[in-house]
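Thanks, everyone, I'll keep this short.

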Amino acid sequence: MSRNIILLGPSGAGKSSTAKLLSEILSRPCLDCDKAIEAKTGQSIATLFKDHGEEAFRAIENQLLDELLAQKNLEPQVIACGGGLPIGDGNMEKLKILGQTIYLTAQVETLAKRIGSQDSRPLLAANEPEQLTEKIRALLTRRQKIYEQAHLTIDTDAKTVAEVVAEIQRILTNTTL
């Protein structure tokens with residue numbers, strides 16, 4: 001496994017927690033794109049959206065992706081993408097050049113349950129559980145075709161993070177990276 005492992009999918013699919021555990025097990029650095037953007041800007045994702053808008057946030061995401069592509073001879077890492085990062089024009093192609101892309105998926109109801117009432121996801125802010133479910137469904141409808149272009153898809157429904165990591169390891173061990 002000599003390439004980057006890139007986890008993508010909707011909020012609540014388990015990208016960040018899976019990336020963290022996978023990086024520990026593989027002894028690779030872990031890059032959580034949202035956390036990297038927060039560190040770089042000194043603002044939370046929610047604040048960036050509120051103060052500057054989605055377009056400005058997406059520009060920062062695109063810049064981070066371009067910086068990753070420009071880096072040469074770095075040791076392979078596990079990368080957790082923000083839910084919308086692959087959606088940008090040409091971004092899925094860039095991610096596939098950067099490494100092995102894995103789409104983590106789950107049922108809408110599972111995603112809503114995992115997300116709950118977190119204020120850190122600006123596109124999914126909702127006052128009622130039904131509202132959250134509908135927002136997730138609408139976002140998935142718009143993004144799913146892009147997510148499905150990933151090299152691999154892993155369903156995270158009814159699985160622990162450790163089970164998802166074990167499945168990724170099993171698949172990647174049998175795949176030439």
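Let me start with how I use the exposure words: buried means under 20% relative accessible area, exposed means over 50%, and partly exposed is in between, with a 1.4 Å probe and protein chains only. By that rule Lys-40 is partly exposed, at a relative accessible area of 46%. We'll come back to that lysine.

Some housekeeping before we go on. This is a predicted model, so local features need pLDDT of at least 70 and side-chain atom pairs count only at pLDDT 80 or more, while totals for chains, interfaces and linings use all residues. Residues are numbered from 1 along each chain as its sequence is written, and side-chain values use heavy atoms, with hydrogens and water left out.

On confidence: pLDDT is the predictor's confidence in each residue, from 0 to 100. The mean for the protein is 87, and 89% of its residues reach 70 or more. The stretch to watch is residues 119–123, where the pLDDT is below 50. That stretch still has 14 contacts in the model beyond near neighbours in sequence, contact meaning heavy atoms within 4.5 Å. Where pLDDT is low, the predicted coordinates should not be read in detail.

Now the overall layout. There are eight helices and five strands; these are DSSP runs numbered from the N terminus, H or I of at least four residues for helices and E of at least two for strands. Reading along the sequence you get β-α-β-α-α-α-β-α-β-α-α-β-α. Of the 177 residues, 42% count as buried. If you take contacts between residues at least 6 apart in sequence, 75% of them join residues at least 24 apart. The accessible surface comes to about 9,100 Å², with 50% of that belonging to carbon and sulfur atoms; those areas are from the Shrake-Rupley method with a 1.4 Å probe, and for residues only the protein chains shown count as cover.

Let's go inside, to strand β1, residues 4–8. Five of its five residues are buried, so the strand is largely enclosed by the rest of the structure. Asn-4, Ile-6 and Leu-8 point one way, Ile-5 and Leu-7 point the other way, and all are buried. Which strands does β1 pair with? One is β4, in the parallel sense over five bridges, where pairing takes at least two DSSP bridges between the strands. Asn-4 has Gly-99 as its bridge partner in β4. Another is β3, residues 78–80, which runs parallel to β1 and is joined to it by three bridges. There, Ile-6 stands opposite Ile-79.

On to charges. Side chains of opposite charge can pair when their charged atoms come close. I call it a salt bridge when a side-chain nitrogen of Lys or Arg is within 4 Å of a carboxyl oxygen of Asp or Glu, and by this rule there are nine.

Here's our lysine again: Lys-40 and Glu-67 meet in a salt bridge at 3.0 Å, N to O. Lys-40 is in helix α2, residues 33–41, and Glu-67 is in helix α4, so this pair ties together parts 27 residues apart in sequence. Glu-67 is partly exposed too, at 33%.

So where is Glu-61, and is it buried or exposed? Glu-61 is found in helix α4, residues 54–70, and it is buried, at 2% relative accessibility. Its side chain meets Arg-58 in a salt bridge at 2.8 Å, N to O. Glu-54, Arg-58 and Glu-61 are linked in a network of salt bridges. Leaving aside neighbours within four places in sequence, Glu-61 is in contact with Asp-34, Ile-37, Gly-82, Gly-84 and Leu-85.

For comparison, look at helix α7, residues 129–147. Glu-134 and Arg-137 lie there, three residues apart, and form a salt bridge with the closest N and O atoms 3.6 Å apart. Glu-134 is partly exposed at 46%, and Arg-137 is partly exposed at 33%.

Last topic, the rings. The structure holds two aromatic pairs: rings of Phe, Tyr and Trp (its six-membered ring) pair if their centres lie within 6.5 Å, and planes under 30 degrees apart count as stacked, over 60 as edge-to-face and the rest as tilted. Phe-49 and Phe-57 form a tilted pair, 5.0 Å centre to centre with 40° between the planes, and both are buried. Tyr-103 and Tyr-147 have ring centres 5.2 Å apart and planes at 35°, so that pair is tilted. Tyr-103 lies in strand β4, residues 99–105, and Tyr-147 in helix α7, so the pair ties together parts 44 residues apart in sequence. Both tyrosines are buried.

That's what I have, so over to you.
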